[in-house]
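I opened my notebook to look up a few things in this structure.

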Amino acid sequence: MSEYELPLVFFTVLCQWAVGSIIAITALMTVQPVWLNEETRFNRLRYMALVILVINIVGSFLSLLHLGSPLGAYRAILGLGHSWLSREVVAFFLLNGVVFIWAVVMFRFNRNRSLVKSASFVASLAGIAAILVSAQVYYQMASHPMWHSLVTHLSFIATALLLGFVTISLMVAVYHYRQQAQQSKIPGLMLTGILLGVLLMLCVVLWYSHGLNGQGQMVGSAIAVLGSGLMGWLIFGGLITGTGVATYLYKQSSVSMAKATLLMLVVLSAAVCGRMLFYSGVMSQSPWF
Amino acid sequence: MVRQYGFLVDMRGCYGCKTCSMACKSENATPTGVLWRRVREFNFDDPNGMAFISMSCNHCDDPQCMKVCPADTYSKRPDGIVVQDHEKCIGCRMCIMACPYNAPVFDPVEGKTSKCNLCAERLDEGLKPRCVESCPAGVLQFGDIDELRKRYSADLSRIETRYKLPDHRISHPNIVIIPAGDKE
């Protein structure tokens with residue numbers, strides 16, 4: 001179990017899910033579909049903002065479970081000058097503050113469009129920055145070629161986009177279902193977001209495959225990742241289901257709550273599998289000397 | 001004045017008795033499962049043979065553990081020994097992930113990592129590191145790395161290919177390895 005680093009898996013996936021959802025909400029408000037009137041924004045998005053805030057906070061706290069001495073967690077910022085993990089701790093502390101303010105704006109000042117848009121834009125940028133800092137933690141380790149690559153950054157961004165855009169698109173589709181608004185369309189930008197997430201994740205999977213042509217530890221990582229059953233679920237739940245959701249929502253703009261929940265669980269579990277592979281691809285080879 | 005301490009491992013005479021590993025464990029009273037020095041075995045079939053490398057922390061010029069540690073527990077002494085302030089460790093295991101030589105070891109009971117400090121306290125008293133002192137075959141030596149490199153110019157790149165060791169350019173370890181196949 002330790003090779004999967006589960007606390008880190010859930011920390012990164014949940015926080016990236018939260019950030020991706022904020023980006024998707026920002027995109028939704030940018031395209032401003034007709035049905036997204038004041039009442040919809042007020043009623044739907046304000047509760048969604050609270051859920052996203054909770055996901056981000058829970059995800060951040062889960063990272064503490066990885067520590068052998070959690071009571072000393074406050075000392076994790078002492079290496080700010082050189083350690084990307086210290087910077088990650090600060091980045092996610094700040095991100096939680098930004099997401100809190102964003103959630104307050106969404107909940108309390110939802111009718112002020114420009115304020116909501118601005119807050120969402122700032123929260124999206126802060127989220128992307130935090131994700132990139134997270135990726136740097138692993139990129140920094142030059143001794144592990146699977147992590148020491150820009151694909152690490154790509155993988156984290158792909159997870160955020162896929163989960164975020166699938167979540168908000170399905171939420172919109174459930175809203176249409178309940179309103180029986182069959183004529184309303186899911187904005188193309190939302191579906192593009194899903195497909196972009198799928199495409200980036202496909203690039204990550206192809207890069208793992210390319211690792212088989214490498215040598216040394218990269219081959220070991222590629223074999224560990226591609227030989228795992230988790231890869232099958234990543235492909236089915238992330239790539240195939242993600243593409244399927246985008247295609248389905250392009251043709252049919254509404255979906256029942258039960259179906260949406262099931263689809264969300266499939267995509268989320270695939271993201272979790274993908275992150276487990278990310279850690280086990282390196283940690284399964286420990287001790288490397 | 002020593003600029004940088006380092007180890008020399010002469011694989012030609014090592015027969016894998018692991019006395020160095022046990023002496024280190026005994027000297028530092030490390031917990032169950034925590035070995036600061038380990039002996040790795042290599043088996044070859046063309047021609048048939050086996051070889052051993054005894055390795056602990058290589059007190060690198062660019063210590064990856066120090067670079068990634070968020071709690072600032074690692075520091076490099078003026079004599080190049082990388083030491084850990086064990087009290088400050090939070091058990092994040094970043095040093096374990098980052099070290100190419102697997103030097104830091106996690107103790108799940110204590111929830112912290114620890115690693116070889118080249119018996120810094122013994123050196124300060126003018127004694128040799130315990131592993132060096134205990135080696136019955138004289139395989140392990142230590143001293144100023146520049147001196148060791150002058151005496152034995154074993155090419156690390158060649159040895160890394162042969163024994164599938166990490167690339168020394170990542171952390172610039174202070175170790176000289178004389179491979180098993182080389183002539184006396």
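My entries below cover the ground rules, a sheet, a hairpin, a salt bridge and an interface.

**Ground rules.** I am reading a predicted model, where local features need pLDDT of at least 70, side-chain atom pairs count only at pLDDT 80 or more, and totals for chains, interfaces and linings use all residues. Residues are numbered from 1 along each chain as its sequence is written, chains are lettered from A and ligands numbered from 1 in the order in which they are written, and side-chain values use heavy atoms, with hydrogens and water left out.

**The sheet.** I looked up helices (DSSP runs of H or I, at least four residues) and strands (runs of E, at least two), numbered from the N terminus. Two strands pair if DSSP finds at least two bridges between them. B:L8 has B:V176 in β9(B) as its bridge partner.

**The hairpin.** How many bridges join β2 (residues 38–45) of chain B to β3(B)? I noted eight, and the two strands run antiparallel. They form a hairpin with two residues between them. B:R40 stands opposite B:I53 in β3(B).

**A salt bridge.** This term means a side-chain nitrogen of Lys or Arg within 4 Å of a carboxyl oxygen of Asp or Glu. I found B:D146 and B:R3 joined this way, at 3.2 Å from N to O. B:D146 lies in helix α6 (residues 145–151) of chain B and B:R3 in the segment before β1 of chain B, so the pair ties together parts 143 residues apart in sequence. Over all chains, the count comes to eleven salt bridges.

**The interface.** Counting contact as heavy atoms within 4.5 Å, I see 32 residues of chain B in contact with 29 residues of chain A. The two chains bury about 2,400 Å² between them, 61% of it on carbon and sulfur atoms. Buried area is the accessible area (1.4 Å probe) that two parts lose on being put together, summed over both. In chain B, the residues losing the most area to chain A are B:P70, B:I90 and B:M97, together 28% of what that side buries.
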